[in-house]
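Please keep both open as you go.

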Amino acid sequence: MKTVIIFLSLLTIHLGLLVYQSDANRVYYLEKQASRLARECAAGAVGLFDEEAFAMGKMELNQVEIEKYRRDLLGKVKDGSLGVKKQNIDLTVNITELSGNQIVIATAKYWEDDFFRLPFLEKNMIEKQISYSVEGRMYEE
């Protein structure tokens, strides 16, 4: 009987570790996907300049084109074109200005009820944030 009890306890421990490892690998994969998505969105947004301001020698970002790019990228993620199909995702792009430089901050968020199946581990959101900056002017007047 002692052998059965020891065997069942070791089996339970190993199953718990197996479930944890599986869930941890899935969370790691989703964190990498969120980071890749935020990086792709921020890098794409940095290249979308306002054409009229660009013709005048100013490097200003085009808010309308950036919003279109964000919606298109989010649509590709939701339909599975980028390798991961997630419905519970949010992608935001903020543009701030700091001492003449425009900074693009892209944030990708995944959420679920719980990423881990074990009852004592709780994580329900993965959030990654990437920022790129655009240096002020093309030339000085």
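## Ground rules

Helices here are DSSP runs of H or I with at least four residues, strands are DSSP runs of E with at least two, and both are numbered from the N terminus. The model is a predicted one, in which local features need pLDDT of at least 70 and side-chain atom pairs count only at pLDDT 80 or more, while totals for chains, interfaces and linings use all residues. Residues are numbered from 1 along each chain as its sequence is written, and side-chain values use heavy atoms, with hydrogens and water left out.

## Helix α3 from end to end

Let's begin with helix α3, which covers residues 63–79. The expected span of a helix is 1.5 Å times one less than its number of residues.

At the start of α3, a side-chain oxygen of Asn62 reaches to within 3.2 Å of the backbone nitrogen of Val64. Just after α3, Gly80 takes a positive phi of about 90°.

## The buried side of α3

Which residues of α3 are buried? They are Ile66, Arg70, Leu73, Leu74 and Val77. They lie on the same side of α3, because they cover an arc of only 100° around its axis. The arc is taken from the directions that run from the helix axis to the C-beta atoms. As for the term itself, buried means under 20% relative accessible area, exposed means over 50%, and partly exposed is in between (1.4 Å probe, protein chains only).

What covers these buried residues includes α1 (2–46) and β1 (89–98). Arg70 is one of the buried residues, with a relative accessible area of 14%. Leaving aside neighbours within four places in sequence, Arg70 is in contact (heavy atoms within 4.5 Å) with Cys41, Leu91, Thr92 and Val93.

Side chains of opposite charge can pair when their charged atoms come close. A salt bridge is counted when a side-chain nitrogen of Lys or Arg is within 4 Å of a carboxyl oxygen of Asp or Glu. How many salt bridges does the structure hold? There are 7 salt bridges, and the ones below are among them.

Glu67, Arg70 and Arg71 are linked in a network. The closest N and O atoms are 2.7 Å apart for Arg70 and Glu67, and 3.6 Å apart for Arg71 and Glu67. Arg70 and Glu67 are 3 residues apart in helix α3, which means about one helical turn between them. Arg71 and Glu67 are 4 residues apart in helix α3, again about one helical turn. Glu67 is partly exposed at 32% relative accessible area. Lys68 also forms a salt bridge, with Glu65, the closest N and O atoms being 3.5 Å apart. Those two lie in α3 as well, 3 residues apart; Lys68 is partly exposed at 43%, and Glu65 is partly exposed at 33%.

Now over to the aromatic rings. Rings of Phe, Tyr and Trp (its six-membered ring) pair if their centres lie within 6.5 Å; planes under 30 degrees apart count as stacked, over 60 as edge-to-face and the rest as tilted. The count by this rule is 1 aromatic pair. Tyr20 and Phe116 form that pair, stacked at 6.0 Å centre to centre with 10° between the planes. Tyr20 lies in helix α1 and Phe116 in the loop between β2 (101–111) and β3 (125–134), so the pair ties together parts 96 residues apart in sequence. Tyr20 is partly exposed at 35%, whereas Phe116 is buried at 14%.

Asp23 is also placed in helix α1. Is Asp23 buried or exposed? Asp23 is buried, with a relative accessible area of 2%. Leaving aside neighbours within four places in sequence, Asp23 is in contact with Phe115, Phe116, Arg117 and Leu118.

Note on methods
A polar contact is a pair of N or O atoms within 3.5 Å; within protein, one must be able to donate a hydrogen and the other to accept it, and residues adjacent in sequence count only if both atoms are side-chain atoms.
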